[in-house]
Amino acid sequence: MGVTAPAEGAAAIELMAARFPDALVESGSFRGQHWAVIVPSRWSDVAQWLRDDPRTDYDVLLDVTAVHWPHRDPPMEIVAHLHSHSRNDRLRLKARVGDRGPIASLTPLWRSADWNERETFDMFGIVFDGHPDLRRILMPEDYTDFPLRKELPLFRG
Amino acid sequence: MPVQIEPSTDRADTLTINMGPSHPATHGVLRVILELDGETVVACDPVVGYLHRGMEKIAENRTYLQFIPYTDRMDYLSPLAANVGFALAVEGLLGIEVPPRCQSLRVICCELSRIGAHLVWLGTSALDLGAATMFFHTFKDREWHYDLIEDLTGARLTTSYTRVGGVVHDATADWLKRLHDFVRAMPGRIDDYEGLLTKNTIWLKRTQGVGKLSAADALSFGVTGPVLRASGVAYDVRRARPYCGYENYEFEVPVGTEGDVYDRYLVRIEEMRQSVRILDQVLRTIPDGPVNVDDPKIFLPPKTRVLTSMEELIHQFMIVTEGFECPPGEIYVATEVPKGELGFYIVSEGGKAPYRCRIRSSAFNNLASLSHQVRGELVADVVACIGSLDPVMGEVDR
């Protein structure tokens, strides 16, 4: 296909399953891209290990976002994309949390988490514990809704 | 956007000033709140969102094909690059690959927009620092690049040139010849630009050692593109995870050593040369053949067939009014746009629209490093730093 290396993130998930057997909830893949769901309470431990262990070496947090699944319990899925320059590998890390979170902020590990978590808060209302400056970033400060939540319609008549 | 201008430190002797959102040197509607000690920046808070249009929400309510025009309006200096990125993401979800001629045309699109976007950056960031001449030179050549884009796509900005599974129409032999003229002329033009700036004492004094970003900081901030490479990290999506056949072209990934404004200048100048080099190779190797996938369920039939055949008319009608289905799944596809790594993370539940379409903006993440860069610099250098980050607010805010 050209856009994805085969089995992206697979090796890291195997290592993670051995290192954190109790933290790994589920894993899967689509078109060669592998993802893992982590217990929310271990979110930052696992992320730190993925960053620091030389076998995984994910030195970049490319993106943090969320997906709202209103009919699932819990309804919010946090999605982080990690990238390793040394191994040219990527991993999609997820955690399922309640309506407003909370989940540990990754800002102590990567500074890219700062604006991306602010945006996730702004769009979904998810609270990131330990974020140094959790306020809206794209929407006006006096805005009260969270636009990317599914119950909010595209147009309001 | 009612953001209070409040001092971020407790010091009584600092001055808090507002810059933007409508300011000639913020390259769009960027607002920066600066706290100054004399002329030195103590704290900086960039305020973004003035151009937020809710594209990720819109994407959930449009078919895949209907979202392509929105990608034009992200980085409005290089719409073709975003067109290609989104098409690749949906094709990744579908598991299809476009024919070789289409891949070559898409490489032309990406590199032509890189040159165009870098010309705007060069002209405006030099203008910000007082080098007005530069602007006239680069905008003259940018018009040439726009003439080419207009003749290829029918529009300067609202190109919407890609489709899922191909491009709207083929490039003519005459157009490719005119692109060749552009490719032949550009190296000399880039020499001219460099003659004005690269060894210009004023330019060196305004850019060297300003806005330094170490490699470790750049990685931590998730910075990508020329800004990351100027800090010495040789990461380029085209090289690390090639798409559209980039692995078949010879090109270098220029890197800097200092990570300052001057190195970002040098890296982008060299990138234009490398883009010209890639375009030259594409023109010599572009194969004949179809420019879209042969799948009537995904790709619109040719107009002549729509007007003469019932079956094609129905296909056209169904794709335009209903869209096509993507399988359930999720994919993250990244491309190297002029600003860095543009990623589309699409979650599909099946159906004709994305369940979630996350746009990982290169300019947004690059701009997040601004406060770190300007702390301790002079207020006049803030302008140099913003220019060197090359933020396009259409992509920052989405």
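Mentor: Residues are numbered from 1 along each chain as its sequence is written, and chains are lettered from A and ligands numbered from 1 in the order in which they are written. This is a predicted model, in which local features need pLDDT of at least 70, side-chain atom pairs count only at pLDDT 80 or more, and totals for chains, interfaces and linings use all residues, while side-chain values use heavy atoms, with hydrogens and water left out.

Trainee: How many helices and strands does chain A have?
Mentor: Chain A has 3 helices and 7 strands, in the order α-β-β-α-β-β-β-β-α-β along the sequence. Helices (H or I, at least four residues) and strands (E, at least two) are DSSP runs, numbered from the N terminus.

Trainee: What share of chain A counts as buried?
Mentor: Of its 157 residues, 54% count as buried. Buried means under 20% relative accessible area, exposed over 50%, and partly exposed in between (1.4 Å probe, protein chains only).

Trainee: Changing topic, which peptide bond that ends at A:Pro74 is cis?
Mentor: The bond from A:Asp73 to A:Pro74 is cis, with omega near -5°. A:Pro74 sits in the loop between β3 (60-68) and β4 (76-84) of chain A. The bond from A:Gly101 to A:Pro102 is also cis, with omega near -5°, and A:Pro102 belongs to the loop between β5 (89-97) and β6 (103-104).

Trainee: Why point these out?
Mentor: Because most peptide bonds are trans, and most residues other than glycine have a negative phi.

Trainee: What is the phi of A:Asn88?
Mentor: A:Asn88 has a positive phi of about 50°, although it is not a glycine. A:Asn88 is found in the loop between β4 and β5 of chain A, and it counts as partly exposed because its relative accessibility is 29%.

Trainee: And B:Cys244, is that buried or exposed?
Mentor: B:Cys244 counts as buried, since its relative accessibility is 7%. B:Cys244 has a positive phi of about 55° although it is not a glycine, and its place is in the loop between α10 (237-240) and α11 (261-285) of chain B.
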